[in-house]
Amino acid sequence: MSESRAHTVVLAGHLLDGTGAPPQPDVALRIAGERIECCGPVAELGSTRGIDVIDLRGLWVLPGLIDSHIHFWGLSPGEVTPADFQSRLETARQQARNLLHAGFTTVRDLGSPIAPCLRDANATGALETPRILAAQVGLTGARGPWLIPQPTWWEARVLRGVASAREEVQRLHDEGVDVVKIGASTGPRAEGFGDIPTLTVDEIRAVCDAAHGLGLPVAAHAIGSEAVRRCVIGGVDTIEHGYRLSDEVCELVAASDAWIVPTLRTRAARPTPEAQATSREQMDTLRRGAAAGIRYAAGTDSVGDEHTLHGSGNAVEIELMSRVLSPSNALAAGTWDAVRMLGPDSELGTLEAGKFADLIGVRGDPRRDLSVLQRVEFVMRSGRLVRHDAGAGDR
Ligand SMILES: [Zn+2]
């Protein structure tokens, strides 16, 4: 144990540690630097002389929230004409801060030229943002989802055939992405025909083999049975959106290693009849997929526009998922299961000795009322205090 690092003790009224253990009352977490050193009953804590003690005995403490599918596009609500890159970066920086203060300690950005800038500035400790995993740009087929005239906040690269797939993955790796994003079906921009496959199984397999060989996971935008079937056979790690699936394809996904990130918020939040119809289709597939045993992680597909502002509203996804999954499973999808989806051997997602001290405090058992996740009162990321509302420790 290094005595030179700053020590903090967090006193939790209840601790949900993310390991599957039942919640423990009155737990002390001892934090050294950016990691958890140990945790145990408050009664066994011993002397705290010279140590910062944060009293959260009025709160439930659990691992930080994870949004597995967002886009930092730096849009201002209601924006029609995209601003210049620097203004968008400033907006995205504020949005990232909002997410962190809302309890999101890790987010995965599946397509934005801004996200790598935020991530890299964050790595130097200069910014107050969640941990960011960035895909930067997506790869798609010749009639891919992102090739219709695009706003300048999004770009895609076209791959044509297996050799091109390998080259594009290598290029993304060299540019420093954390995850490779592919567009394997059209839509959902055109709600009615979102499920036309745009990549062959061979192309998807080439992307996955190349990415996995370089230590990168593959996230696939895929809607409709045929596109999702190709993605599963090709070996993708996560299927984004993943609705309009036959029972047969649900079984195929369930039997594979792939996870689905159903992105419910982005449709549920939009009032148009098309979006609401899609929302119902998403719920229907989620119901049948959960029955088949598919594994899910929570991701909102929020872009920061007026319907999907980045912040406390991203936690709505977990509540939406709980309309089908049990509250415990929905909570897991936005915390510890999301970490399992992000990769093995993670140093996140559970509150145990040696893990990063990414934790939040909420008032009440989130498994009884998931809406408390939209009113987070305490946030710590990598052992650094981000938010501690007045009175959070009151019993
Ligand atoms: Zn997206």
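**Notes on the predicted model**

1. In this predicted model, Arg323 sits in the loop that runs between helix 9 (316-321) and helix 10 (327-333). Arg323 has 12 C-beta neighbours inside 10 Å and therefore counts as exposed, the cut-off for that class being 12 or fewer. Although Arg323 and Met283 are 40 residues apart in sequence, their C-alpha atoms are 8.5 Å apart in space.

2. Taken as a whole, the chain contains eleven helices and 17 strands. Its radius of gyration is 21 Å, close to the 21 Å that the globule rule gives for 395 residues, so the chain is as compact as a globular protein of that length. The C-alpha trace spans about 65 × 45 × 40 Å along its principal axes, and 53% of the 395 residues count as buried. Of the contacts between residues at least 6 apart in sequence, 67% join residues that are at least 24 apart.

3. Seven strands form an open sheet in the order 9-8-10-11-12-13-14, and their pairing is parallel. Strand 9 (156-158) and strand 14 (295-296) are its edge strands, each of them pairing on one side only.

4. Within that sheet, strand 10 (residues 180-183) pairs with strand 11 (residues 218-222) in the parallel sense over four bridges, and Lys181 has Ala219 of strand 11 as its bridge partner. Helix 4 (residues 201-213) packs on the sheet, where it touches strand 8 (138-140), strand 10 and strand 11. The direction of helix 4 makes about 175° with that of strand 10.

Terms used
Residues are numbered from 1 along each chain as its sequence is written. This is a predicted model: local features need pLDDT of at least 70, side-chain atom pairs count only at pLDDT 80 or more; totals for chains, interfaces and linings use all residues. Helices (H or I, at least four residues) and strands (E, at least two) are DSSP runs, numbered from the N terminus. A residue is buried if 20 or more other C-beta atoms lie within 10 Å of its own, exposed if 12 or fewer, and partly exposed in between; C-beta atoms are placed from the backbone. The radius of gyration is taken over C-alpha atoms; the globule rule is 2.2 Å times the number of residues to the power 0.38. Two residues are in contact if their C-beta atoms, placed from the backbone, lie within 7 Å. Two strands pair if DSSP finds at least two bridges between them. Axes are lines fitted to C-alpha atoms, for helices over the stretch in contact, and angles run from 0 to 180 degrees between N-to-C directions.
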